[in-house]
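Reader: I'd like to learn how to read pockets and cores in a model. Could you walk me through them?

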Amino acid sequence: MTSATAIWHPCPVRRIGSDPGHHFFGYYNKHPWDESGRFLLAQRVPMRAADLTGREIAEVGYFDLRQGDRFHAVGETSTWNWQMGSQLQWLRGLPGRQLIYNTRAAVSDADYPYADFRATALDLDSFEAREYPLPVYVVAPNSRWALCVDYSRFEVTHPTIGYRASQTEPRLENAPSDDGIYRMEIDSGDAELILSLRDLARFQPLASMRNAIHWVTHLEVNPGSTRCLFIHRWTERVEDETCFLHRLFSMNPDGSELRLLECTDHPLPQLADDFDPAAVGTFDYEKSEYQISHPAWKNDDEIIVWGPHGGRIHYHLYDDRSGAARIIGADCLTENGHMSYSPDGRWLLSDTYPDSVSNERLLILYDAEQGRRYDIGRFYTDPQLGKPNRCDLHPRWSPDARSVCIDSIHEGERQMYLVDVSSLTTPE
């Protein structure tokens with residue numbers, strides 16, 4: 001399964017902790033480590049897979065990597081999914097050890113933008129907790145504000161990253177003027193809608209948008225907390241991901257200076273009456289030649305993304321100011337993955353989706369200076385998990401770039417693992 005243009009370089013792998021239960025972090029775009037490298041965030045659940053109803057409880061906590069990987073539970077939530085967890089993340093710009101995660105309102109309240117969902121911040125030193133009026137998607141690196149979206153909209157459009165409502169799923173307009181991207185202040189909890197779905201749908205509109213439902217996903221903030229990126233998606237057939245259409249945007253933290261970096265509007269034969277959705281493979285969407293996915297900031301001005309540009313789909317690195325894009329790893333990075341750059345920008349970390357024969361996923365390091373790909377591990381996944389319950393590797397960097405953290409199910413349990421990549425990233 002290793003690419004013919006890759007170097008097989010297996011790296012040491014160890015499971016984190018030995019506590020009972022199943023542990024996972026979630027998405028690839030957040031840092032589970034605190035700045036000291038000692039504490040590693042995680043969620044703990046009693047089952048390895050389940051079709052979530054919104055009533056299942058996940059414990060929120062962290063591993064202490066200097067005390068035998070002991071897991072410390074500090075809270076719990078029923079507002080989580082297998083892909084992103086509860087959006088658990090450190091408030092890295094604040095003093096001490098503070099974290100934030102999404103929670104469910106004790107009582108559904110229609111006076112809030114999203115009746116069922118909130119966020120909770122916790123200071124691990126004082127154990128002071130603060131509740132916020134909106135669930136977070138991503139907190140800016142300076143920890144002054146967060147970007148927030150509607151997880152009930154995900155539940156309709158992309159349920160693998162949605163949250164089930166407490167009672168009845170809300171009725172959703174296709175492109176409303178009162179929903180979209182909110183900015184919420186961390187100090188006060190004040191929130192403002194900075195970009196509505198209606199305004200987004202009216203920005204350089206396309207015919208395919210007219211009868212489609214719209215949403216935003218993959219929101220990210222650059223290291224300097226000065227620019228944000230997101231993907232705008234729309235579709236007329238939410239039950240078939242291969243019908244999703246995509247645009248990649250960046251903007252200022254107040255919603256101004258909106259820049260369209262890429263658009264993949266294209267004909268959709270799947271909308272024909274005789275199309276058979278059963279013919280779509282489990283991961284055909286992720287392997288589509290039209291998809292824009294998994295964008296991440298390399299630095300304050302450059303964005304790495306899997307997607308098409310100029311008629312060719314590759315890993316592309318965009319200059320946010322000029323919109324220019326160049327291919328990264330043209331001959332060896334040929335599959336969609338969850339990518340991020342090391343802090344020094346030299347190494348690109350990514351993975352693959354399961355091979356259709358072996359059901360293995362590859363963990364990849366790409367040396368951007370030398371143009372070399374290293375396959376550093378193979379990890380089996382149970383094909384019976386299906387789409388909503390799958391366990392992607394979602395690799396994440398340690399602060400010193402010597403380790404990588406992954407979620408995996410290759411040993412039969414959903415657990416977190418450390419991969420020692422120091423032989424490549426910091427050779428002696």
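Reader: How do the residues lining the largest pocket divide into nonpolar, polar and charged?

Author: Rolling a probe the size of a water molecule over the atoms shows where empty space is left. A pocket here is an open set of points on a 1 Å grid over the protein atoms alone, where a 1.4 Å probe fits, with protein on both sides within 12 Å along at least five of seven lines; lining residues have an atom within 4 Å of a point. In this predicted model, the lining of the largest pocket has 16 nonpolar, eight polar and five charged residues. Local features need pLDDT of at least 70, side-chain atom pairs pLDDT 80 or more, while totals for linings use all residues; side-chain values use heavy atoms, without hydrogens or water, and numbering starts from 1 along each chain.

Reader: Which residues lie nearest the centre of the largest pocket?

Author: Asn29, His31, Pro141, Val221 and Pro223 do, out of 29 lining residues. The space in this pocket is about 790 Å³.

Reader: And what is the volume of the second largest pocket?

Author: About 390 Å³. Its lining has 22 residues, with Pro113, Tyr114, Asp150, Pro170 and Leu172 closest to the centre. Eleven of the lining residues are nonpolar, four polar and seven charged.

Reader: Which residues touch the most other members of the largest nonpolar core?

Author: Such a core joins buried (under 20% relative accessible area, 1.4 Å probe, protein chains only) Ala, Val, Leu, Ile, Met, Phe, Trp, Tyr and Cys residues through side-chain atoms within 4.5 Å. Here they are Tyr137, Leu147, Ile181, Leu219 and Phe230, among 29 members.

How values were computed:
Buried < 20%, exposed > 50% of the residue type's maximum accessible area, 1.4 Å probe, protein only. Points joined across faces, edges and corners; volume = space filled by probe spheres on them. Nonpolar A, V, L, I, M, F, W, Y, C, P; charged D, E, K, R; others polar.
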